[in-house]
Amino acid sequence: MRRYGKHTDEDDIRTRPGRRNTRPRTNIRPKHEDAAEGLVLTVDRGRLTCLVEDRVVLAMKARELGRKAAVVGDRVALVGDLTGKKDTLARIVRIEERTSVLRRTADDDDPFERVVVANADQLAVVTALADPEPRPRLIDRCLVAAYDGGLDPLLVLTKSDLAPPEKLLELYGDLDIPYVVTSREELESGVALARVREQLDGKITAFVGHSGVGKTTLVNALVPEERRRTTGHVNAVTGRGRHTTTSALALPLSGGDGWVIDTPGLRSFGLNHVDPSRVIHAFPDLEPGTEGCPRACSHDEPDCALDAWVAEGHADPARLYSLRRLLATRERKEGD
């Protein structure tokens, strides 16, 4: 056996190159200037279904995007096989800047926010007037998330054949939120659908609501070509339905120029991610009055300048009450 001494710089010694030195590394990432534009329609276990021009393309996220994830409604750039043929897979290399974001957390103590939908113009909060009973605190939370994320809210009240809408509408009258009231008979005849379509045409609308309120039934009526399985049972004890929509899905509005995004039924809507200072932007009549507020004002404390602003007649006191009710919703449980 050959042995080497202290000096091991002989020419005949063989060395193996380190694995880290076999491939040059660079921080330069490809620009993908020739990438095609697409819209994310749904996400399922790491595979994203996208609309590229008039083709439905299955894609996966490029590793270079890191932990950044695309969600339904995202506008993305894709490369690779964009034919949409069976067993083909494209690659998402860029997620374009978002115009709006609907976020939620599992509960108010959960620090991890989840992006539900991107780039929606409005949030349709679907609530049954009975069977199950309305949950105003959940509605409030959805409104806060809409204001915080840059979406315009829309109230869609279903099952008016079981209970009148006036009492619930009175709670939100001072917020000037557009609303549509529907009944089972009106949905079947198409009368209610015409009113709903007026609010959706030309917009991307995300639908949210807890299980059993008829959200997916309404979406099925709006987009009959893409029927989703609806809730067939509402628990008599809890007043809640079974989850039948398991993933968000963007669908083109039938007979109109717009998109409908159906989302899974809600059990809760955490607001841990919401910055209360952004909610005031949804109250343009009150926002100028905050100039005299102390730093980091919660707008619900003794030194808040909004009290004097409203007392001077610059805004309706009912609007200030509505603002504070929404801001306080983070401290209230949804079932209160």
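## Basis

In this predicted model, local features need pLDDT of at least 70 and side-chain atom pairs pLDDT 80 or more, while totals for chains, interfaces and linings use all residues. Residues are numbered from 1 along each chain as its sequence is written, and side-chain values use heavy atoms, without hydrogens or water.

## Overall make-up

The protein chain has eight helices and 13 strands (DSSP runs: H or I of at least four residues, E of at least two). Of its 336 residues, 45% are buried (under 20% relative accessible area, 1.4 Å probe, protein chains only).

Residues 24 or more positions apart account for 65% of them.

## Nonpolar cores

A nonpolar core joins buried Ala, Val, Leu, Ile, Met, Phe, Trp, Tyr and Cys residues through side-chain atoms within 4.5 Å. The largest has 54 residues, and Leu 102, Leu 123 and Leu 323 make the most contacts inside it. Helix α1 (residues 136-149) supplies its largest share, eight residues. Another core, of 19 residues, lies apart from it and includes Val 196 and Leu 222.

Beyond its neighbours within four places in sequence, Leu 102 touches residues including Val 115, Leu 123, Ala 145 and Phe 269.

## Second largest pocket

The second largest pocket is lined by 13 residues. Val 43, Val 71, Arg 114, Val 115 and Val 116 lie nearest its centre. Strand β7 (residues 114-118) gives the most to this lining, with three residues.

Key: On a 1 Å grid over the protein atoms alone, a cavity is a set of points where a 1.4 Å probe fits but cannot get out, and a pocket is an open set with protein on both sides within 12 Å along at least five of seven lines; lining residues have an atom within 4 Å of a point. Buried means under 20% relative accessible area, exposed over 50%, partly exposed in between (1.4 Å probe, protein chains only). Contact means heavy atoms within 4.5 Å.
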